[in-house]
Amino acid sequence: MSTDRPVVRVEHLVKRYGSVEHGHTAVNDVSFSLGEGRTIALVGESGAGKSTVGTILTGLQAATSGRVEVCGEDRSRLAHSARLRRHRGSQLQIVAQDPFTSLDPRQRIGAAIAEAVGLHTPLRQQARRERVLELLDAVGLSPTHADVTPRALSGGQRQRVAIARALAAQPRVIVLDEAVSALDVSVQAQILNLLNDLRARTGVAYVFITHDLGVVRQIADEVIVLRHGRIVEQGTLEEVLDSPSEPYTRRLIASTPRPGWTPASAEVA
Amino acid sequence: MSPASSTRVGAGAAGDVGAPGAPSSPLLQVRDLNLDLGDHGVPILRDVELTLDPGEALGVVGESGSGKSMTLKCIARLTPPRAIVRGEVLVDGVDVNRLRGKSLRRYRQSQVGYVFQDPRAAINPMHTIGTFLLEAARDRGEDVTAAREQATSILASMGITDPERRMRQYPFEFSGGLLQRVMIASVLMAQPRLLLADEPTTALDVTTQAEVLALTDRLRRDRGLAMIFVTHDLDLAMAVCRRIVVLYAGRVLEVADAGTLQTAPVHPYTRGLLASRPPLETKLPQIPVVPGTPVSAAQAGPGCPFATRCPVRLPQCAEQRPPLLLQGRSRVSCHRAEEIAAGALDGVLPLTHRPAQGGGTGA
């Protein structure tokens, strides 16, 4: 497929909760597009509207106005049938922040992944089992992990399972909502490497929601800085992180700890 | 800040502030601290030792299960029920574990201040900020009017505008960063000499985190308030603390000055931890990783707890626990510390992709 057609296109997206006078506008006039196999990072502090954009893309809630296209199809409104939901699910998947609550504690890992394979592919029985093993291998887990429940897994391993479930649909886009934020540093690096590797192998695109600019540097091609629901700055990774034009972006960068950083150096910006 | 408070606290510690290596007696000494929890005695901490001088900031860094929060709880005597604590926690030479009844209450009220990770979970949402701040003074039967004045001036000194109005408000009317300042203010009300901060900024946004840390740093310098800063973020700890203790599976693996740790970390775990933090400045083709996942003290074997994940382990590492010994300017628990310090294992260990800048750290 040609790359000039974006897999995600968001135009003038608005999400408002409550009435026009007394309500709260969580997302205000957000537009961006994402090409095949690219990664766009949505960054910002709490309340910036990052996750709201993610849930609208996923189809968990409808937009108030504006257009949201995934693979050329409008999804600013909710899917009205299970068939449409499944169809949308096979194009775009989500990996949530907390791997301790996103998996069914009583379901074995193999069954959890098989369920996702069954929903999104015509594979049955033996072929499905083989696909589960392939997916476990793709995310760096061993076949024996299929027989355990989430209890037996660490946070990083659970997040690998969540990624395997997302990959089961062979989606064109995965929304990763703070997917590495709850992990230990030494484990976070493993998952970031895995995500970069999977993207190179499958050509999947990522919408990567995070507040951590160090993580953004490692994974994103493009960056959108959000604040109070509005886009503050938007551009390529280098434009936004290396020569930010907005004071707010500069403040975010200056506040990020790194070698030689002190809390006082954040105040200079 | 009331004049009375500043003189009292200032006089006690002013001489020690910013004078590293001063031969003053330490404010806090933790020796051979061991902690087991629950009916079956699950090991949490093993042989932990720490020293803290008055006015010093000490970082305790570790991943989940390392025992960093439990170390703080032992110091504050806030261990959960059925905890078995062995070893000494000496504050001004007094063993905290021997305190009972009224003296324990006084210790918790006025000698140590505890700042929790999530201010919204630690402050009663049903009471006003004023009630929360004055609770301890009321409990001690002190003059509430004076305490109210003190609270107002502390809030004002922390950059909170219109403190009288703020004191009449409820926690839900505060942002996370403001509420964390309120928690720190409540600690300062008692004028402790030791601040125990358990991931105090993890629940905050980055810009707020920088503001709160700048505030605690100023308090340390102005009031001689010593601090133990518990965090999973080694970069953050090095930015605000003079010395760092690296914990893993309930044990101390390395202790060093922030500057030493940054330029010449020794323990393979410290090296791995530093290398695996995604750097802000450079995109790496592959982020160096520590294989596997962190273990807890209960899962660790008889030898070095990091042996199962260590890229340079020897057969003896799984069997014999290396003692914590001086290696250069660090104290390290590793059988290969000498080789690592000499650079002999640089080919195998993750190199810290630190930019070679001369900028020292604060504190």
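Colleague: Which elements cover the buried residues of H8(B)?

Modeller: This is a predicted model, and in it the cover over the buried residues of H8(B) includes strand S6 (112-115), helix H4 (119-122), helix H5 (129-139), H6, strand S7 (194-198) and H9 of chain B.

Colleague: What makes H8(B) mostly covered?

Modeller: A residue is called buried if 20 or more other C-beta atoms lie within 10 Å of its own, and 12 of the 14 residues of H8(B) are buried. Among them are B:Leu178, B:Leu179, B:Arg181, B:Met183 and B:Met189.

Colleague: How do you know that the span of H8(B) agrees with its number of residues?

Modeller: The expected span is 1.5 Å times one less than the number of residues; for the 14 residues of H8(B) that should be 20 Å, and because the end C-alpha atoms are 20 Å apart, the two agree. H8(B) is followed by B:Gln191, which has a positive phi near 50 degrees.

Colleague: Why are H6(B) and H8(B) called oblique to each other?

Modeller: The axes of H6 (residues 144-157) and H8 (residues 176-189) of chain B come within 10 Å and cross at roughly 135 degrees. Angles over 145 degrees count as roughly antiparallel and those from 65 to 115 as roughly perpendicular, and H6(B) and H8(B) are therefore oblique to each other. As for handedness, H6(B) passes H8(B) in a right-handed crossing.

Colleague: Which residues of H6(B) and H8(B) meet, and what are their classes?

Modeller: On the H6(B) side, B:Gln150, B:Ala151, B:Ile154 and B:Leu155 meet B:Ala185, B:Leu188 and B:Met189 of H8(B). Sorted by class, this contact has 6 nonpolar residues, 1 polar residue and no charged residues.

Colleague: Turning to chain A, how do you know that the span of helix H6 (residues 185-202) is close to the expected one?

Modeller: H6(A) has 18 residues and reaches 26 Å from its first C-alpha to its last, which is set against 26 Å expected at 1.5 Å a residue. Just after H6(A), A:Gly203 takes a positive phi of about 75 degrees.

Colleague: Which residues of H6(A) are buried, and what covers them?

Modeller: The buried residues of H6(A) include A:Val185, A:Val187, A:Ile191, A:Leu192 and A:Leu195. Their cover includes helix H5 (155-168), strand S8 (205-210) and helix H7 (213-219) of chain A, together with H12 of chain B.

Colleague: Why does A:Ala200 count as exposed?

Modeller: A:Ala200 lies in helix H6 of chain A. The limit for an exposed residue is 12 or fewer C-beta neighbours, and A:Ala200 counts as exposed because it has 10 of them inside 10 Å. The C-alpha atoms of A:Ala200 and A:Arg38, although 162 residues apart along the chain, are separated by 9.8 Å.

Colleague: And what makes A:Gln125 exposed?

Modeller: A:Gln125, which is found in helix H4 (residues 125-138) of chain A, is exposed because 8 other C-beta atoms lie within 10 Å.

Colleague: Finally, how many residues does each chain bring to the contact between the chains?

Modeller: Chain B contributes 39 residues and chain A contributes 32 residues. On the side of chain B that touches chain A, helix H9 (206-223), helix H10 (234-240) and helix H12 (268-276) each supply at least two residues, and the largest share, 7 residues, comes from H9(B). By class, that side has 17 nonpolar, 13 polar and 9 charged residues.

Technical notes
Residues are numbered from 1 along each chain as its sequence is written. Chains are lettered from A and ligands numbered from 1 in the order in which they are written. This is a predicted model: local features need pLDDT of at least 70, side-chain atom pairs count only at pLDDT 80 or more; totals for chains, interfaces and linings use all residues. Two residues are in contact if their C-beta atoms, placed from the backbone, lie within 7 Å. Helices (H or I, at least four residues) and strands (E, at least two) are DSSP runs, numbered from the N terminus. Ala, Val, Leu, Ile, Met, Phe, Trp, Tyr, Cys and Pro count as nonpolar, Asp, Glu, Lys and Arg as charged, and the others, Gly among them, as polar. Axes are lines fitted to C-alpha atoms, for helices over the stretch in contact, and angles run from 0 to 180 degrees between N-to-C directions. Angles under 35 degrees count as roughly parallel, over 145 as roughly antiparallel, 65 to 115 as roughly perpendicular and the rest as oblique. A crossing is left-handed if the near helix is turned anticlockwise from the far one by less than a right angle, and right-handed if clockwise.
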